[in-house]
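Here's a quick tour of a protein model, written for someone just getting started. Have the picture open while you read.

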Amino acid sequence: MKCWYLAGVTLVALGLARQPVRAQQATPEVRKPFRTNESEAPIPRAIPVEKPIPRAVAVEKPTSTPTPKPGGAITPPKPMAVPEPEEPGTIRVSPSATARTADLVQLDVADGFYTKKMYDMAAPEYERYLGLYPKAPDRATALFRLGESYRHNGANNAAKNAYETLLTQFANGDFIGPAAYRLADLYYQEKQYRDALTLYRKASVRLRDPAVANAAKFFSGRCLEALTQKLDARIVYEDLVASPQNNPFLDASRLSLALLLKDSGRAAEALKQVQALAKETENADLKIEATVRSGLWSLELQPPATVQADADFKNALTMTGKSYWKELAQLGQLRILSEAGKHQQVVDTYGKSATQFSADVKPELLLLVANSSRQINKNAEALAFYSQVTKDFPGSVYDKEAQYERLRTMYSSEDSGLFAEIDKYLAANPEAQKRDEVLLMKAEVYF
């Protein structure tokens, strides 16, 4: 018994001794990271986010309004560039994240062509929008851009119809002023001045841009001139001259005002305006024109402001600008010499520079030289100059004046051919005053 007991104890001891060995050889348990809550997701590592590089925003330079360039000797100048009304609406050119209604989708299609200046493609899309959605909220926008599309394509009648429809259907809104301005301009080009006048007036009070509003006001003055309503036109120009800010037509308005004042017999006021123009304008051609006009108009005052005129002519000859006005300045200097009785100097000056003058001033110059030749008893030379005016410039006012002065020269020199020339002159039905003078001349010869 004792042997069996000892054997059992030995076996138990051996079994207990092997237990630590099995534990060390077992696969160790993989432990999860520590969490405060088993359902909480693991905290991710922070990923550095790269900051976007900001793009430079292009700053658009303001476009300066060109100074109006002068026109001819009589007609006031039309400005070189006319301010354009800005697009009142905002054109959406990128897709929107929000759902678009059918009418907005169609408008987007039209605007897409419009922004790319594909006006031939934009016009039918705007027409489709207006036809399919007669009560859509953006009809005014579509009508204006439809008119613009047709105008750019040269379809002026279709453009006029779009603008007129807009102005008929809408009494208020941002597009009223620009549409009225565009429509007025089309009528103005067609010389329908009465229709253009009404629209320019409407545009001048509905446009937000002061420069374009002043442009509309200026062309309303032009329309009034064309309709021979010169007093009303003068009031418009006076208002523009008194509003120099945001007024690209200031110089043109001042010149137009001066010419209207001159035509109405208010020479002193006209001279004041043209002198202010000569001083203030930055346009070289307009400056020399105003300076020469100041000199010529100074000679027409009673008594003539000869000193002022001579200073203006000398100043003009030192300026850069059109040769036409410099020729008029030289002609003005010869007039001063003639009125001062320096007739020989007039003839000598012409002899030195006859080839320098153009046909624009040649007839008046020849008359001046002919009259001076007669004053120094060079009648043959005077008659030759008068005949040259009639030959080179037939039917002009200078021709009629030359014919009359030619008779006076023949009368003073007791020319034998005077009777025949008088009958020829009377047969042309001259103005009443000169007809009476020539008849008296003939009677004295008979006496």
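What follows covers a pair of helices, one tyrosine and a few spots in the loops.

This is a predicted model, so keep the ground rules in mind: local features need pLDDT of at least 70, side-chain atom pairs count only at pLDDT 80 or more, and totals for chains, interfaces and linings use all residues. Residues are numbered from 1 along each chain as its sequence is written, and side-chain values use heavy atoms, with hydrogens and water left out.

- Helix α15 (residues 343-353) and helix α16 (residues 362-375) have axes that come within 8 Å and cross at roughly 135°. Helices here are DSSP runs of H or I with at least four residues, numbered from the N terminus. The axes are lines fitted to C-alpha atoms over the stretch in contact, with angles from 0 to 180 degrees between N-to-C directions.
- That angle makes α15 and α16 oblique to each other (under 35 degrees is roughly parallel, over 145 roughly antiparallel, 65 to 115 roughly perpendicular, and the rest oblique).
- On the α15 side, the contact (heavy atoms within 4.5 Å) is made by H343, V346, V347 and Y350. On the α16 side, the residues include L365, L366, L368 and V369.

**A tyrosine and its neighbours**

- Y411 is found in helix α18 (residues 397-412).
- With 32% relative accessibility, Y411 counts as partly exposed (buried is under 20% relative accessible area, exposed is over 50%, and partly exposed is in between, using a 1.4 Å probe and protein chains only).
- Leaving aside residues up to four places away in sequence, Y411 touches L418, M441, E444 and V445.
- The side chains of Y411 and E444 are joined by a polar contact of 2.6 Å (a pair of N or O atoms within 3.5 Å; within protein, one must be able to donate a hydrogen and the other to accept it, and residues adjacent in sequence count only if both atoms are side-chain atoms).
- Y411 and V438 sit 27 residues apart in sequence and 10.0 Å apart in space, C-alpha to C-alpha.

- Most residues other than glycine have a negative phi, and most peptide bonds are trans.
- The peptide bond from Q302 to P303 is cis, with omega near -5°, and P303 lies in the loop between α12 and α13.
- K191, in the loop between α6 and α7, has a positive phi near 60°. K191 is exposed, at 60% relative accessible area.
- N246, in the loop between α9 and α10, has a positive phi near 50°. N246 is partly exposed, at 48%.

Technical notes:
Helices (H or I, at least four residues) and strands (E, at least two) are DSSP runs, numbered from the N terminus.
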